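Student: I have not looked at this structure before. Please show it to me, and then I will ask about it.

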Amino acid sequence: MSSISEITQVGVILLAAVGALTITVKALSFWKLLLDIYIRPGKSLKKFGAGTGSWAVITGASDGIGKEFAYQLAAAKFNIFLISRTASKLQDISNDIESKYQVKSKIYAMDFTKGDKRDYENLKEIIEEFVDIGVLINNVATNHDIPTPFILETDETINNIVEVNISGLLRITKIILPKMISSNKGLIINVGSFSGMIPTPYLSVYSASKAFMSTWSAALGAELKSKGIVVENVNTYFVVSAMSKIRRSSWLIPYPKPYVKSVLSKIGVPGGASQIPYSSNVYPSHAIINWIIANTFSLSFWVKKGLAQQEDIRKRALKKREREAAAAKAQ
Ligand SMILES: NC(=O)c1ccc[n+]([C@@H]2O[C@H](COP(=O)([O-])OP(=O)(O)OC[C@H]3O[C@@H](n4cnc5c(N)ncnc54)[C@H](OP(=O)(O)O)[C@@H]3O)[C@@H](O)[C@H]2O)c1
């Protein structure tokens, strides 16, 4: 009898030890997160050529997060190459940047959904003229118009997402990389998404494209580390923008300006995304949410939560469409 109670006692002690160890590891990991987001400095942009005539190339640069990267990298004294569809918007930003920050600026208008070989050839020619490229911001992306079951999604939307978020990403990077490799330095920021970390039902193709970005960033980052090139998949939660369709900022949802500021001030700091190699998440509220997701419930739990959330967004989006159609008919 006594031996059974001794075994039970040892079992309880072992369980308590495992519990205490788990809590200690989680507490240390949370402490490291706080150090990352509030104290640890990132690599200086000077390491990538700021102030030396080096260029920063930004895709999707005429609005939202990409436009903000353009302004903040110009303020850090990079010459700026802006790419997106709308030439007039790019030209206005280019003029403004040149006059505000006394750096050079170039634009190229292209639609990534077209996958046009000539666009990439033209980009290659323009880029050949740059003596040095220090930064590439792979920011352009396209999404499902509203949350949509895969079976109902149009071929056009599916093809556009693949063309912009995957093919465009690879092609642009392949064009820029030789310059970075020859100068033994460079920073490639891939603007990722939580939906690459948590598979998102009803946004399945977008979500998978961001998972592609995350996996590819980790593999590429490891390949390029010894060449002095830093690759970072920036694991983004909601930011106020046209794509997110969110207009008001909150603790959880910043405007692009503070969001980009946090990214650029903490290059090389993993923050809340430390479980994913070559990923980062340093905007405080996003990083804390990222940490909670990675350290509490299972991925299946979060997928199920996402399903309910997207079903709700879809219902509301369909109702809005109905209202708009009725209003248009009444006119
Ligand atoms: N906002 C969020 O909540 C959020 C969350 C997670 C991840 N992200 C990621 O953040 C990145 C930027 O998103 P955002 O919210 O800043 O979007 P946004 O404000 O809608 O800006 C998108 C930019 O891309 C350009 N663009 C769109 N389609 C294009 C195409 N086919 N060809 C060329 N340029 C195109 C747009 O300019 P034109 O219309 O002039 O072409 C614009 O400059 C994306 O990679 C997105 O996945 C955003």
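Student: How far is a nitrogen atom of the ligand from an N or O atom in the side chain of Asp111?

Tutor: The model is a predicted one. A polar contact is a pair of N or O atoms within 3.5 Å. The ligand nitrogen and the side-chain atom of Asp111 form such a pair, and their distance is 2.9 Å.

Student: Which residue has a polar backbone atom 2.8 Å from an oxygen atom of the ligand?

Tutor: The ligand is surrounded by 30 residues, and among the closest are Ser62 and Tyr206. An oxygen atom of the ligand lies 3.3 Å from an N or O atom in the side chain of Ser84. For the backbone atom at 2.8 Å from a ligand oxygen, the residue is Val239.

Student: Are helices H4 and H5 roughly parallel or roughly antiparallel to each other?

Tutor: H4 covers residues 117-128 and H5 covers residues 155-183. Their axes come within 10 Å and cross at roughly 25°. Angles under 35 degrees count as roughly parallel. H4 and H5 are therefore roughly parallel.

Student: How many charged residues are in the contact of H4 with H5?

Tutor: On the H4 side the residues include Lys117, Lys124 and Glu128, and on the H5 side they include Arg171 and Lys179. By class, the contact has six nonpolar residues and one polar residue, and the number of charged residues is five.

Student: What is the handedness of the crossing of H2 and H3?

Tutor: H2 spans residues 64-75, H3 spans residues 87-101, and they pack at an angle of about 20° with their axes 10 Å apart. H2 residues including Tyr71 meet H3 residues including Ile97. The crossing of this pair is right-handed.

Key: Residues numbered from 1 in each chain as written. Predicted model: local features only at pLDDT ≥ 70, side-chain atom pairs only at ≥ 80, totals over all residues. Heavy atoms only, no water. Axes fitted to C-alpha atoms, helices over the stretch in contact; angles between N-to-C directions. Helix = DSSP H or I, 4+ residues; strand = E, 2+ residues; numbered from the N terminus. Parallel < 35°, antiparallel > 145°, perpendicular 65-115°, else oblique. Contact = heavy atoms within 4.5 Å. Nonpolar A, V, L, I, M, F, W, Y, C, P; charged D, E, K, R; others polar. Near = heavy atom within 4 Å. Polar contact = N/O pair within 3.5 Å; in protein donor to acceptor, adjacent residues only side chain to side chain. Left-handed = near helix turned anticlockwise from the far one by under 90°.
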